[in-house]
Amino acid sequence: MTKMSERGKTILVTGASKGIGQATVERFWAADSDVKHFILLARESDEFVAAEQQLLAANPHGKSFTSYRIDLADRAAVEALMEEISKTHGNVDYLINNAGFTAPAPIHEIRFDDFERTIGVNLYAPFTITQTLLHEGNHFEFIVNIASTAGMNGRSGWLTYSASKAAVIAMSQVMKEELAIYGTRVVCISPGRCATALRRTLAPDEDPSTIMQPEDVAEVIDMLSSRSGRFVDSQNIVVRL
Ligand SMILES: NC(=O)c1ccc[n+]([C@@H]2O[C@H](COP(=O)([O-])OP(=O)(O)OC[C@H]3O[C@@H](n4cnc5c(N)ncnc54)[C@H](OP(=O)(O)O)[C@@H]3O)[C@@H](O)[C@H]2O)c1
């Protein structure tokens with residue numbers, strides 16, 4: 001039988017095309033660690049292709065990746081993909097539920113389909129990914145759900161996004177309790193302002209060089225996955241400058 005240390009661990013990252021997701025992939029890819037196989041999810045884009053090329057350009061520890069193009073708002077597609085991933089790749093050890101969407105608007109102007117998409121990508125997708133893989137018999141070692149400080153303190157114009165992220169924080173607390181008996185650690189991270197495309201949508205006039213960078217959040221995720229990360233106990237870890 002192949003031992004875990006020989007097989008290497010598998011990490012699945014959603015929103016792997018750019019921002020915090022891509023920085024997290026890069027960090028684990030560059031590390032001399034037992035995380036060896038990467039499953040990357042995002043929609044088709046030039047950025048996703050560039051992110052893949054960057055991985056191929058430097059692979060010091062002989063790791064492998066498979067990427068999938070998917071719209072995470074499509075629940076049926078997410079279920080089908082998780083079934084396929086389970087059959088093709090076996091166990092997913094680390095799951096980083098990172099993908100996020102926002103279409104900020106004042107309450108009078110919120111389009112309900114944008115609200116549904118926000119909840120679909122930010123809340124239903126991480127739930128569906130986790131539940132479908134559990135149904136496939138997956139044993140997670142470590143799950144990270146990326147929420148937001150916007151889920152703790154709402155701001156004008158962010159109603160749909162804040163509501164979705166508050167729900168992610170609450171969902172993570174329940175996942176943490178329910179999955180503890182399987183030895184799964186569930187961590188909820190709430191970043192503050194971080195220089196990414198999503199942040200530009202929320203705050204178009206901000207100078208990105210003055211705020212937290214995606215690599216900073218990736219470093220925290222890496223630390224939490226480590227042995228010492230086990231001793232960080234919180235319902236919701238706030239990461240901000
Ligand atoms: N930046 C901040 O200030 C901040 C603060 C708190 C929390 N967060 C959270 O951090 C996470 C990462 O966001 P980011 O800041 O790194 O933003 P980003 O650079 O815009 O990245 C968002 C990622 O989510 C993916 N995504 C969005 N909608 C999707 C869909 N329908 N289907 C599949 N993938 C989709 C994007 O992939 P595509 O290529 O398919 O668009 C992209 O990879 C999000 O959950 C966000 O809410 C960010």
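Two strands count as paired when DSSP finds at least two bridges between them. Keep in mind that this is a predicted model.

Start with β1, residues 9-14, and β4, residues 94-97. Three bridges join them, and they run parallel. Within that pair, Leu12 stands opposite Leu95 in β4.

Now the whole sheet. Seven strands form an open sheet, in the order β3-β2-β1-β4-β5-β6-β7. The pairing is parallel. Which strands stand at the edges? They are β3 (64-69) and β7 (237-239). Each has a single partner strand, so one side of each is left without a neighbour in the sheet. On average, neighbouring strands are turned by 20 degrees against each other, direction ignored.

Next, the helices. α2 packs on the sheet. The strands touched by α2 are β1, β2, β3, β4 and β6. Its direction makes about 165 degrees with that of β2. A quick check on length: α2 has 12 residues, 19-30, and at 1.5 Å a residue should span 16 Å. Its end C-alpha atoms are 17 Å apart, which agrees. Buried residues of α2 include Ile20, Val25, Phe28 and Trp29.

Then α5, residues 112-135. This helix lies across β1, β4 and β5, at about 160 degrees to β4.

Last, the cysteines. How many disulfides are there? The count is zero, with sulfur atoms required to be within 2.5 Å. For Cys188, the nearest cysteine sulfur is that of Cys194, 15 Å away. That is too far for a bond. Cys188 counts as buried, at 2% relative accessibility. Cys194 is buried too, at 5%.

How values were computed. Residues numbered from 1 in each chain as written. Predicted model: local features only at pLDDT ≥ 70, side-chain atom pairs only at ≥ 80, totals over all residues. Heavy atoms only, no water. Helix = DSSP H or I, 4+ residues; strand = E, 2+ residues; numbered from the N terminus. Expected span 1.5 Å × (residues − 1). Buried < 20%, exposed > 50% of the residue type's maximum accessible area, 1.4 Å probe, protein only. Axes fitted to C-alpha atoms, helices over the stretch in contact; angles between N-to-C directions. Contact = heavy atoms within 4.5 Å.
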